[in-house]
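Keep the model open as you read.

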Amino acid sequence: MATLAVIRPLAVRRVGTWLGKIPYAVLAIYALVAALGPLVIDYNPIRTSLDDRLLKPGSHLSTGGTAWLGTDGLGRDVLAQVVYGARTSILIGIATVVVSCVVGVTIGTVAGYFRGWLDTFLARGIDILLAFPAILLTIVIAGAFERSVPVVVIALAATAWISFARVTRSVSLSLRERAWVDAARVLGVGRTSILLRHVVPFTLGPVVALATLEFALVVLAEAGLSFLGIGLPPSAVSWGQTIANGKQYLDSAWWISALPGFALSLLIVNIGILGDQLTARYGRGHLN
C-alpha cells in the first residue's frame with residue numbers, strides 16, 4: 001500500500017508534465033506549417049477556378065490534384081488558405097506584440113521608476129484609453145486607412161501596448177525601492193543605466209507571460225478585422241477572410257468556414273494554456 005501511495009502521485013505528476021508539453025508541440029507544428037508550408041504549396045489567392053468551386057474535402061481537381069480540405073466558392077483550395085493564413089496570423093501577431101512590448105515596456109518602466117508628474121500623466125492617459133473600447137479604436141484606425149499589413153499591425157498595437165505598460169509600471173514601482181537600486185543610485189550610476197541594468201531585466205518574466213496571452217488576442221483580433229473586411233487586402237490570405245468567404249455556404253459547404261475556424265481556435269486555445277503556464281511560473285512571485 002505504501003508503494004502504491006508513492007507511485008500514484010508520481011504517475012499523476014508525469015501525466016501532468018506530459019499534458020503540459022502539448023501546447024509547445026502544437027505551436028511548434030503551427031510554426032513549421034507557417035514557415036515551410038508556403039514553400040511546398042503553390043497558391044495564388046487571386047486566381048480562381050470556377051470548375052472546381054465548392055468541392056468536398058478529398059475531391060479531385062480539374063488540374064489533376066486533390067483538394068484535401070475542399071475548395072471555396074471561387075474554386076480556391078482551402079488547405080492552401082489555411083497554410084498561408086497561418087503564416088499571416090503568426091507574422092502579424094509577432095510584429096504587433098513586438099511593437100506593443102517595446103512601447104509599453106518603455107512607457108511603463110519610465111512611469112514606474114521616475115514617478116511624479118510623469119507617472120501621473122501616463123497613468124491617467126492609460127486610464128482614458130482603457131475607458132475607450134479597444135476593439136472600436138482598432139476598427140476606427142484600420143478603417144481609416146488603406147488595407148495593408150502595416151495598418152493592421154498599427155491598429156492592433158494602438159491598444160495592445162497598454163497591458164505591457166501597466167505590468168511594467170507595477171513591477172518598476174516595486175523595484176525602485178529595492179536595495180540594489182538604492183545602492184546603484186548612491187554609487188552615482190546614471191538613471192538610464194539603472195533602468196537598463198537593474199530594472200528592465202526583472203520585468204522580462206511577467207512581460208514574456210503577458211506577451212503570450214497578447215499574441216492570442218492579437219491573432220483573434222486580426223481574424224475579426226479580416227472577417228469584417230477592413231483588415232488585410234484581398235491579395236493577402238487570412239483565416240478571417242476565409243471564414244467570411246464561407247459564411248454564405250454554411251449549409252452546403254461547411255468546410256470553407258469550419259476548417260479555418262478550427263485551426264484558429266486550436267491555436268488560440270493552446271496559446272492561452274501556454275500563457276497560463278508562463279504566468280504561473282514567471283508571475284510577480286519571483287520578485288518577492
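Arg 124 is partly exposed, because its relative accessible area is 45% (buried means under 20%, exposed over 50%, partly exposed in between, using a 1.4 Å probe and protein chains only).

Elsewhere, salt bridges with shared partners tie Arg 115, Asp 119 and Arg 169 into one network. Within that trio, Asp 119 counts as buried because its relative accessibility is 6%, while Arg 115 is partly exposed at 38%.

This is a predicted model, so local features need pLDDT of at least 70 and side-chain atom pairs 80 or more, while totals for chains, interfaces and linings use all residues. Residues are numbered from 1 along each chain as its sequence is written, and side-chain values use heavy atoms, leaving out hydrogens and water.

The whole structure has 4 salt bridges (a side-chain nitrogen of Lys or Arg within 4 Å of a carboxyl oxygen of Asp or Glu). Here are some of them:

| Pair | N to O distance |
|---|---|
| Asp 127 and Arg 124 | 2.8 Å |
| Asp 72 and Arg 76 | 2.9 Å |
| Asp 119 and Arg 115 | 3.7 Å |

Are Asp 72 and Arg 76 buried or exposed? Both are buried.
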